Each structure stands twice: as structure tokens, then as C-alpha cells.
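Please look over the structure below before reading the numbered points.

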Amino acid sequence: ETNNILGALNLQRDWRIQEKIKNQSDANLNVDSNESKVCAYIHARKDSNNEIFDHYSQYDANTKRMKFKLVDSAYLSVEQLKKNDRTLPVNCVVVDRETGTVNSPFTALIIGFGGTGQEAFKFLYEYAAFIGSDMQRTPFRCYAIDENMDNIAGLVRAKMPAIHEDELELIKTKVDSELFWQTISNIINHLNYVVITLNDDLVGLSYAVNLFKYALKYRSAEYPMLKIMIRCYDRNNEIRMREVIDNLNNSTDGSNVDIQIFGEDDQIYTYNSIVSDGVLTEAKEFNRVYENSEINADEQWEENFGKDEIKRIMDKKKVSRYHAVYDVNRRIAQNCSNSLHGNTKMLLMGFGETDFAERLEIYYGYVSKRETNKTSYNNCPENDAQLLRNMAIVEHERWIASHKLMGYVYASKTDIVRKHHECMRPFAELDEETQSYDCNVVDTTIKLAYQKMQEKNNNSL
């Protein structure tokens, strides 16, 4: 990673020297040298040390600099889980499809708490933010196991001060220790999701198989689904891993245990995920529909998150450019999350294959008539209106979870420098206009689903 970043910086230095010579030559020839900036893709973690490359280069008006974009395999592998309906946490809980509420807690286990393990925790904490019949977040608990936890725990706790031991328990032990299997024994009956990220495919596969067999032996058939996810690090092992996993799943068809691999090279290193940034493209369209904008999605994005917005935040909130850029990127991340979280909301609402088109058209009619700064759905049956309001509460809990993961804590006044936010409190305590923001996210999810259905129908004609 260090060499990758150093190489990019050296490349930028050499490129600037060549550009200076070129521009002097072009000036003598009256040639326009205002061309698109060169982009360098750097394979490195998207952590606090490196985010400055990503955050600043996209807003840098200096044409003498290259644009840097981080390619983080840990982040991309977990992003793959977010895109796959089968690997979403909503499949592992008991859902009341009439109300969108969840009647069971969510318990996760992460084996190996390095880069991928920590990204997996963020995914699970945010995407398992469900509500119960009391309209509060359902219980969530994650056990993270790593033999090097002493070197990990301090920074994890410091970066996420609002997430406490009762939600994230950090355990230092080896995967072949007695403590490891004692922990498994204690939680197996209510375990919903396991992520294995041991950097060694064959060791990881061995533990995945053992956990699979252990779950079949000790978990009741009435329990919700248990997903066991194992990351594939070496493509040379993929065929063997997939053969073992397919045989296990096929031999117990209909059971409540499912094992899958993720993070394969040909799935995460794609043109769409890296160069064209498909998630960002969908986030831009989500933002356009959310804003009820008639202009191009890229233009609306520039208006909301471009250089002028950076300057506006600096002037209005009297903060440095660093904090203004960070705040804009926080909002960009929310659009990405809202776009990816759409399938979870649709599954919570019980949109199935048989009645999908008919029901979607009805709900599209409901959400299209709501005033954007209100929470009431006019001309909508109460049970449907309650379901939509419940999804707004789910969205608010997802939003709170995402901000806890970014290090935010509740305070009576929002402060982007200290990472305080006044909205990190129960949905019922917010004023109607603030609640309507969550309703707008739910409505946008339904509008986009309807839009995609219409496009699919038109293409089939």
C-alpha cells in the first residue's frame, strides 16, 4: 500500500514536470491545453490515512494535479454483499410483511477483524438496523474475533465512540482456541450471520465447513436463516471453494443454513465497479429523483455536491476546507447507501415476485401524491400508510447507524467539526419536516423501482 501511494505521488510529480514543458510549448503555439485531468487508481485501504487522496482530488481545481481514486478490495468485496439480495441481513430475521417490523434480534460473528472484517461490521450494523413493534431498533450484537485484537480494538473504539460493548464485542483469541468454540456454543442458537476473513482461503474454508456442520447439529429448524460468508482472496482457490460450498448447500436443501463465498477477483475488479463507478452512478440518479429534478443527474449532483457547495459550507458554517469536503462526502455516502439499501426496504415491505408489478404501481400512486415536507400519505389506506411510515423509521435508524459508524454522537446542536448531530435521536422526537426527509428516501426508493420496471417493460416491447 505504501509503495502504491508513493508510486502515484511520484507519477504526479513527473507528470507535472511534463505538463509544465508541454504547456510552455502549447502557449508558444497558441494551443488550448485545458484537457481532462488524468486519473490514477491506487490499490489501498479507504482509511483515515488515505481518504484525503479520494476526498480532495475530486474537488481540486488545480489542473496541474492528477486525480487520485482509491481501489479498496476490502470495501469492494463488502459492497458486493450489499448488492446481492441473497446476502442481505433482512433474509436472516423474522419479518412481519404487513408492518415491515422485525420480531427477532440480529446476532453476527466476524472471524478476522482486519480490513474486510471491519467493513463487514459496518455493513451489518447499518443494514441490520430494523425496527420492532415498539418502533425502536431491534437488538443487534456482533462478536468480532481476531488473535491480534489488542492492536485493533483501541482504534476501533476511538473511531466509533457511540457503538458500545453491548453491540460490538471484541474478542482476542485464535480460531482454534477453546474460547473460540465456547463463544460459538454460546451464540449458535441465535446466530444469524457469520463473515470469515482470515486471509487464508483454505483455513477459512475449513472453519466455514465446521461452522456449517455445527449449526446443522445444534440449531433448531425453527430458527431464522444463518448466512455464513467466506471471503475468497486467491482466485486459484475459487473453483475448489465453490465446489465444496455447492455440495454442502445442495446436500441440505431447505435447511436454515446457507454458505457462500464473496470477494472473488472477477466480481470486485470490474470496469463498472472501479472505472465507471456503478454505485456512484446509481446514487446520482437516486439524488436526482429525490430532488424531483428535471435536469441531468450529473448536473444535479454538481449543484448539490460540487465545488460551489464546498465554498458555501465553508462560508456558512465557518469551517475549513477539510471539514467542508468531509461533510459533502458524508452526504455523498448517504446517497450511495440510500441507493443500495433500497432492496432491503422493498423486502421488508413484502414486495414479492407474484404481486410485484401490481403492488408497486399502487404504492407509486401513494408516494407520488405526498407533499415532500409532510409525512402524511393522502388517499392511502391506513395499513399501507403505516407501512410506509414504518419504512421511514427504518430509514432513520439506518441513517443513525451510518453516522455512528462515521464517529458521530448525539448532541443538541449539530457540529460537523466535532461530529455532533442533533438528529441522532428517536424518529418520534424529530419535527415533521425532518421526519419528511426519511419519507422522501422511502418514496424515492419506490419511484426508482417503478421507473426501472417501466424501462424493463418498454425494452421488452
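Which backbone oxygen lies 2.9 Å from a polar atom of the side chain of N50?

1. The backbone oxygen is that of R45. This is a predicted model, in which local features need pLDDT of at least 70 and side-chain atom pairs count only at pLDDT 80 or more, while totals for chains, interfaces and linings use all residues. Residues are numbered from 1 along each chain as its sequence is written, and side-chain values use heavy atoms, with hydrogens and water left out.

2. N50 sits in the loop between strand 1 (39–43) and helix 2 (51–57). Its relative accessibility is 4%, so N50 counts as buried (under 20% relative accessible area, 1.4 Å probe, protein chains only). Apart from neighbours within four places in sequence, N50 has contacts (heavy atoms within 4.5 Å) with E1, I5, A44, R45 and L70.

3. Helix 4 (residues 115–127) has 13 residues, which at 1.5 Å a residue should span 18 Å; this agrees with its end C-alpha atoms, 18 Å apart. The expected span is 1.5 Å times one less than the number of residues. Ten of the 13 residues of helix 4 are buried, among them F121, F123 and Y127.

4. Helix 7 (residues 201–218) packs against helix 8 (residues 238–251) at an angle of about 5°, the axes being 11 Å apart. The two helices are therefore roughly parallel (angles under 35 degrees). On the helix 7 side, the contact is made by D201, L202, L205, V209 and F212; these meet R240, M241, V244, I245, L248 and N249 in helix 8. The contact residues comprise eight nonpolar, one polar and two charged.

Methods: Axes are lines fitted to C-alpha atoms, for helices over the stretch in contact, and angles run from 0 to 180 degrees between N-to-C directions. Helices (H or I, at least four residues) and strands (E, at least two) are DSSP runs, numbered from the N terminus. Angles under 35 degrees count as roughly parallel, over 145 as roughly antiparallel, 65 to 115 as roughly perpendicular and the rest as oblique. Ala, Val, Leu, Ile, Met, Phe, Trp, Tyr, Cys and Pro count as nonpolar, Asp, Glu, Lys and Arg as charged, and the others, Gly among them, as polar. Buried means under 20% relative accessible area, exposed over 50%, partly exposed in between (1.4 Å probe, protein chains only). A polar contact is a pair of N or O atoms within 3.5 Å; within protein, one must be able to donate a hydrogen and the other to accept it, and residues adjacent in sequence count only if both atoms are side-chain atoms.
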